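Hi,

As promised, here is the structure for you to look at.

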Amino acid sequence: MTSGQERGSDLRRRILEQVAEYYRLAHAERAFVPGESRVHYAARVYDEEELVRGVDAILDFWLTVGPRTDAFEQGLARYLGLRETLAVNSGSSANLLTMSALRSPRLERRLEPGDEVITAAMGFPTTTAPIVQNKLVPVFIDCELGTYNLDPEQLCRALSDRTRAIFLAHMLGNPVDIESVMSFAREHDLYVIEDTCQALGSTYDGQLLGTFGDMATLSFYPSHHLTTGEGGAVATNDARLGQIVASLRDWGRDCRCTHTSPAAGACGRRFDWEIPGLNEPYDHRYLYVEIGYNMKMTDVQAAIGLAQLQKLPAFVEARKRNFRQLYEGLRPYKEFLILPKWSERADPAWFALPLTVTQGAPFSRRDLITFLENRNIETRLLLAGNLIRQPGYREIEHRTVGELPNADRVLRSSFFVGVYPGLDEARKDYMLQAFEDFFGSL
Ligand SMILES: Cc1ncc(COP(=O)(O)O)c(C=O)c1O
């Protein structure tokens with residue numbers, strides 16, 4: 001090492017020590033003041049490790065995919081026990097990539113325009129958007145009240161001779177009855193994509209969600225189970241689909257060279273590819289086999305993700321614990337609120353705690369959420385409610401199974417409160433006290 005390099009690494013060590021010190025001064029948690037502090041439904045949960053790793057990455061100034069992105073992808077794949085995890089710039093991008101992959105000309109059983117994809121009417125818009133964007137037709141089935149997941153009983157009624165795939169989301173971390181879905185899909189030769197954006201760490205029969213279908217998607221937006229700010233991933237055990245998703249994510253190129261590949265490419269014959277129809281031999285790096293995008297994650301995001309990944313098991317446990325405590329505290333109000341339901345075979349790492357105001361209750365959803373918000377307790381609606389009632393979706397080509405009464409109920413009467421790992425005992429007590437005060441005043 002030259003003396004300049006030594007001074008550089010010493011300076012870097014001191015910078016990172018100071019970043020940790022800065023975290024303790026500027027970011028460390030402030031005491032909860034009932035009524036004054038906001039009780040968020042979700043937020044980033046982090047410590048000095050995320051800040052230090054993020055600044056460390058900045059000091060390298062590696063602004064695109066780099067070594068930390070590789071490590072993050074490998075860490076996620078290990079956690080899920082899957083062959084491949086591809087980091088991307090959001091959960092919505094992950095969803096778009098999965099649907100686009102099913103339309104790839106390189107896929108043997110590719111989906112054709114007008115083919116149908118079964119999905120739930122109640123959910124997040126960007127589970128459905130990529131179906132539409134890929135010239136496919138969403139077939140909406142209703143959700144169950146309480147689980148808020150698609151009702152597997154309705155799959156049969158959704159089926160037509162154009163049905164090719166099921167795009168399901170495990171809502172709020174609560175596992176879909178995935179066994180029924182998978183056996184239906186096997187019977188009818190359908191692809192299954194699991195939107196696991198709200199459900200990282202949840203299990204069904206002890207198996208992690210995201211590992212049942214052909215592909216799964218994750219979101220790392222700050223309200224989710226781990227965060228990289230913006231960010232997401234596609235996970236799969238299928239090498240062909242992995243290759244197609246990687247290509248679509250990386251401009252549509254064929255080559256999977258990375259920052260570590262030698263000049264002659266990972267294949268060793270980068271400049272010698274014989275491609276019919278192109279000037280031969282051709283540089284493989286510039287061979288485009290998909291109509292792709294650029295949806296890559298950056299190394300600074302991945303650096304933060306690596307620190308978060310270490311905390312994931314503790315986050316998952318905290319979400320389960322917070323849910324249990326709040327659920328127990330809300331049991332006395334069963335007359336007024338439909339409490340969440342889940343299968344005995346499920347162990348949900350809850351994203352949030354969903355509630356539906358019962359029919360005939362002497363108050364409206366608006367009354368209750370306004371009361372909670374006035375007490376500084378954040379509430380959120382259950383995403384899009386019934387998606388086809390949303391202005392952007394009213395005119396899309398689609399089919400529905402029946403009238404979707406439960407999705408309409410959710411649109412009108414459901415909301416959720418948080419269970420994220422940042423909720424301490426004081427905040428949970430405060431939340432339950434607010435519910436008690438509301439119902440006490442009826
Ligand atoms: C079920 C579901 N799918 C997809 C997404 C999109 O993820 P992102 O916000 O990272 O684009 C979300 C975001 O909350 C979600 O809840």
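Helix H4 (91–102) provides the largest share of the shell around the ligand, with 3 residues; helices here are DSSP runs of H or I, at least four residues, numbered from the N terminus. This is a predicted model, in which local features need pLDDT of at least 70 and side-chain atom pairs count only at pLDDT 80 or more, while totals for chains, interfaces and linings use all residues. Residues are numbered from 1 along each chain as its sequence is written, and side-chain values use heavy atoms, leaving out hydrogens and water.

There are 13 residues around the ligand, and Gly91, Ser92, Asp195, Gln198 and Ser219 come nearest (a residue is near if one of its heavy atoms lies within 4 Å). By class, the shell has 2 nonpolar, 10 polar and 1 charged residues, with Gly counted as polar and Asp, Glu, Lys and Arg as charged.

Now the polar contacts (pairs of N or O atoms within 3.5 Å). A polar backbone atom of Gly91 is 2.8 Å from a ligand oxygen. In the side chain of Asp195, an N or O atom lies 2.7 Å from a ligand nitrogen. Ser219 places a polar side-chain atom 2.7 Å from an oxygen of the ligand. The protein buries 91% of the 390 Å² that the ligand exposes when taken alone (Shrake-Rupley areas, 1.4 Å probe).

Elsewhere, Leu11 lies in helix H1 (residues 3–27). Leu11 counts as partly exposed because its relative accessibility is 43%, between the limits for buried (under 20%) and exposed (over 50%).

Happy browsing!

Technical notes:
Helices (H or I, at least four residues) and strands (E, at least two) are DSSP runs, numbered from the N terminus. Buried means under 20% relative accessible area, exposed over 50%, partly exposed in between (1.4 Å probe, protein chains only). A polar contact is a pair of N or O atoms within 3.5 Å; within protein, one must be able to donate a hydrogen and the other to accept it, and residues adjacent in sequence count only if both atoms are side-chain atoms.
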